[in-house]
Amino acid sequence: MTTGTRPVAASAPAGPSAPGGRALLRRALSLLAPLAGLAVILLLAAVTTPGFYSTGVLQLVLFQIGLIGVTAVGQTLVLLVGGIDLSIGAVIGLTTVIIAVYTRGDGARLGVAILLALAAGAVVGLVNGLLVVRRLVPAFVATFATFVLVQGVITAWTRGAPSGNIPGALSPLGTGRWLGVPVPAWVFLAVAVVAGIVLGRTGLGRRLYATGANARATALSGVRTGWIIAGCFVASALLAVLAGLINAGYIGYVDARLSRSLDLNSVAAAVIGGVGLTGGRGRIGQTVAGVVLLAVLLAWLRQLGAGAGAQLIVSGAVILLAVWLQNSGWTPRSPRRNKQRDGVR
Amino acid sequence: MRTHIGVSGRARQLRLPLAVGLAAALVAACGTEQEGASAGGEGGGGGGDCANAEEAQASYEEAWTETAEQLGLEDLQPTAEEVCEVDTAEWAAEPKQGDTYRIAFAAQGPTNSWGLTNEEAFRSHAEELGVEVLYASANGDATAQVDNIQQLASQDPDALVVVPMGEGITGQVQAAANQGIPVVLCAGRLGSDSGAVSTVTRQYELLGTAYAEWLVQQLGGEGQVAVLSGLAGVPTAEFQKAAALEVFAEHPGIEVVTEQYTEWSPTVAKQVAANLVTQYPDLDGIWSDSGYGDLGVVQAYQEAGKPVPPLTGDAINAFLKAVQGTDVRFGLSSFPPEQSVECLDTAMSVLAGEPVLDKVYINSPSFTHEQIDQYVRPECSDNLFVPSSLPDEQLRGLGLC
């Protein structure tokens with residue numbers, strides 16, 4: 001949770017209610033950094049890996065965008081209220097296990113299995129939210145604890161070897177294409193549009209930004225900030241369930257090894273896009289830009305034949321660069337500038 | 001289906017004369033137990049006094065010969081390896097507590113179906129033998145295993161069987177050996193200074209070499225090959241890969257166009273293979289160390305509408321189910337989880353003072369696409385490692401069938 005000293009009004013320009021042309025300029029500039037990064041990577045890819053601009057690679061990038069993007073939207077909601085969700089990977093894993101074990105490959109049982117997975121995800125999100133709101137546990141600790149807890153539940157339940165299979169009926173969600181574009185990318189687009197509208201055009205969105213910027217002041221103005229924060233954690237968990245369904249459909253197998261990387265990728269995409277780690281700053285458009293940049297970067301590194309170590313190093317370096325840019329004043333709403341303006345040292 | 005190395009039986013025939021000779025040597029040396037632990041613990045060594053070298057070496061080469069026959073390989077030369085017989089008379093002992101032996105098992109833990117099957121096979125065999133198992137799970141983590149070994153050693157078991165999670169546990173294994181506990185390394189290995197009496201495992205080099213030779217033979221010695229390994233820096237992956245690259249280097253017609261890691265994840269492998277499809281459209285073969293990886297590779301090629309190149313890996317039921325009825329060519333072998341049975345047998349032989357090999361290289365079935373119907377288990381879980389030596393009832397109990 002954010003416990004900043006700035007009044008609600010001080011954070012407002014970061015959100016959609018910022019007035020005037022200055023805000024528009026800020027908004028444009030905030031998108032500029034990730035887009036410039038994307039342009040650099042695309043240029044490097046053109047020079048170093050000529051095969052990068054093929055339909056096959058584009059399909060792969062779009063799939064990655066879909067999978068990372070769905071989780072990144074949920075992560076963005078949590079980041080906007082000053083939290084972080086490290087339990088996303090665990091929820092993805094739990095989803096695939098529930099689908100496999102309950103359905104045992106039978107498509108007729110898929111509907112109930114999805115409802116069970118959504119219920120399980122909601123419980124995880126609610127636990128995260130309650131720990132943060134009611135017990136004032138830092139989000140990092142609370143969500144990491146639930147990550148470990150859920151992993152333990154999965155291991156105790158399945159003893160490391162989930163029985164059953166993923167129904168083929170789920171396959172279109174992971175491998176299907178519509179108008180030549182992988183379905184996961186469409187799903188991400190839909191999720192991003194809905195999130196963008198809620199954040200940018202509704203009162204709920206304004207309350208969410210205000211809560212992230214200054215929870216105490218927002219609460220004093222009558223907003224039930226606890227519900228908003230808990231709601232963001234629940235939304236993040238439910239989107240993780242959706243990502244779990246996409247992944248299960250993509251590979252048709254309970255892949256326990258994969259989901260761990262999605263926690264960090266979701267945070268990385270949001271941060272690279274320019275969403276602030278301190279709450280109250282960022283838009284879904286920035287997350288989309290970050291997701292695209294990260295997916296292109298990962299695909300390019302793979303095309304280069306870079307090893308796992310090199311991929312992690314480059315990804316880490318890009319995140320550090322993004323955070324450094326945020327803090328050095330390159331982006332228009334850096335914490336330093338806010339603090340200076342608000343007189344906080 | 002587990003196949004014992006043939007020399008074990010022959011070695012036992014030499015038990016009496018060896019025991020007499022060793023007893024004499026012990027009396028002469030008047031060695032302490034701790035020194036004995038150090039001497040007997042040259043799990044990877046043998047040094048200049050390699051006991052019963054000829055017979056031990058023959059057992060080592062037998063695994064290579066059988067694998068070559070099963071995969072139809074014309075030329076599979078064993079890598080240089082010295083296998084010796086270890087005198088275990090100094091470890092011979094009655095149970096420390098009560099009437100039954102207490103064997104500590106520092107297991108990987110049920111983090112996947114391999115770990116689950118590995119420890120279930122161990123427990124079942126312990127029950128058959130009437131020994132008590134002191135169990136600790138590392139959850140796949142070397143750091144956790146360091147603590148596990150300390151905890152198990154503090155209970156003063158008669159012997160310790162360790163499924164090593166990494167080189168980081170070497171100090172604790174040495175400490176346990178120095179404490180007078182005979183240690184058997186199981187399904188993995190440490191450096192020769194670990195103090196372990198014996199190492200029981202499927203040989204990484206055999207798998208890596210056999211897969212590479214099979215691929216070379218399939219390609220007629222010419223073509224582009226992609227090498228898909230598991231996890232960077234993990235011995236199981238790196239030793240196999242290194243052995244394969246040595247084989248490819250011996251064939252000038254083979255070009256290794258890329259080396260990548262699949263993290264033993266079908267999803268990652270599918271993404272890697274989707275890149276291969278676009279980047280190397282003329283790829284002739286894929287060397288892979290994993291059936292999990294192969295599953296992703298096959299899906300990527302099938303979705304791209306391209307024929308799947310011949311590929312290698314270990315035998316996981318999900319892959320066999322995915323390719324049954326297709327024309328995918330593959331050469332598979334296994335790193336059987338049930339090798340823990342042999343580990344326990346070796347530990348019991350040590351406690352009985354019977355000679356054992358310092359390296360017991362497990363023999364296990366290898367097969368190609370031509371024998372798929374013999375090995376696929378459609379009624380069983382994707383996670384089952386095939387062929388499994390566990391009875392069907394037990395596999396059903398574990399949710400694997």
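I began at the place where two helices from separate chains touch, and listed A:Gly56, A:Val57, A:Leu60, A:Phe63 and A:Gln64 in H3(A) as meeting B:Gln271, B:Ala274, B:Asn275 and B:Thr278 in H10(B). Sorted by class, the residues of this contact come out as 4 nonpolar and 5 polar, with no charged residues. I note here that the model is a predicted one.

Next I looked up how these two helices lie. The crossing in which H3(A) passes H10(B) is left-handed.

I then turned to the interface as a whole. Chain A brings 28 residues to the contact and chain B brings 37 residues, and the area buried between the two chains is about 2700 Å², with carbon and sulfur atoms giving 49% of that area. How many salt bridges does the rule find across the interface of chain A and chain B? I find 1 salt bridge there, and I recorded A:Arg159 and B:Glu120 as a pair whose side chains meet in a salt bridge, at 2.7 Å from N to O.

For the whole structure, my search over all chains gave 9 salt bridges. One that I followed up lies within chain B, where B:Lys96 is bridged to B:Asp156 and the closest N and O atoms are 2.9 Å apart. I placed B:Lys96 in the loop between strand S1 (85-86) and strand S2 (102-107) of chain B, and B:Asp156 in the loop between helix H6 (142-154) and strand S4 (159-162) of that chain, so the pair ties together parts that are 60 residues apart in sequence.

My last entry concerns a helix pair inside chain A. Helix H8 (residues 183-201) and helix H11 (residues 225-251) of chain A pack at an angle of about 165 degrees, and I have their axes at 11 Å apart. That angle makes H8(A) roughly antiparallel to H11(A), and the crossing in which H8(A) passes H11(A) is right-handed. Which residues of H8(A) and H11(A) meet? From H8(A) I listed A:Pro184, A:Val187 and A:Val191, and from H11(A) their partners A:Leu239, A:Leu242 and A:Ile246. The residues of this contact divide into 6 nonpolar, no polar and no charged, whereas the contact of H3(A) with H10(B) had 4 nonpolar and 5 polar residues.

Notes: Residues are numbered from 1 along each chain as its sequence is written. Chains are lettered from A and ligands numbered from 1 in the order in which they are written. This is a predicted model: local features need pLDDT of at least 70, side-chain atom pairs count only at pLDDT 80 or more; totals for chains, interfaces and linings use all residues. Side-chain values use heavy atoms; hydrogens and water are left out. Axes are lines fitted to C-alpha atoms, for helices over the stretch in contact, and angles run from 0 to 180 degrees between N-to-C directions. Helices (H or I, at least four residues) and strands (E, at least two) are DSSP runs, numbered from the N terminus. Angles under 35 degrees count as roughly parallel, over 145 as roughly antiparallel, 65 to 115 as roughly perpendicular and the rest as oblique. A crossing is left-handed if the near helix is turned anticlockwise from the far one by less than a right angle, and right-handed if clockwise. Contact means heavy atoms within 4.5 Å. Ala, Val, Leu, Ile, Met, Phe, Trp, Tyr, Cys and Pro count as nonpolar, Asp, Glu, Lys and Arg as charged, and the others, Gly among them, as polar. Buried area is the accessible area (1.4 Å probe) that two parts lose on being put together, summed over both. A salt bridge is a side-chain nitrogen of Lys or Arg within 4 Å of a carboxyl oxygen of Asp or Glu.
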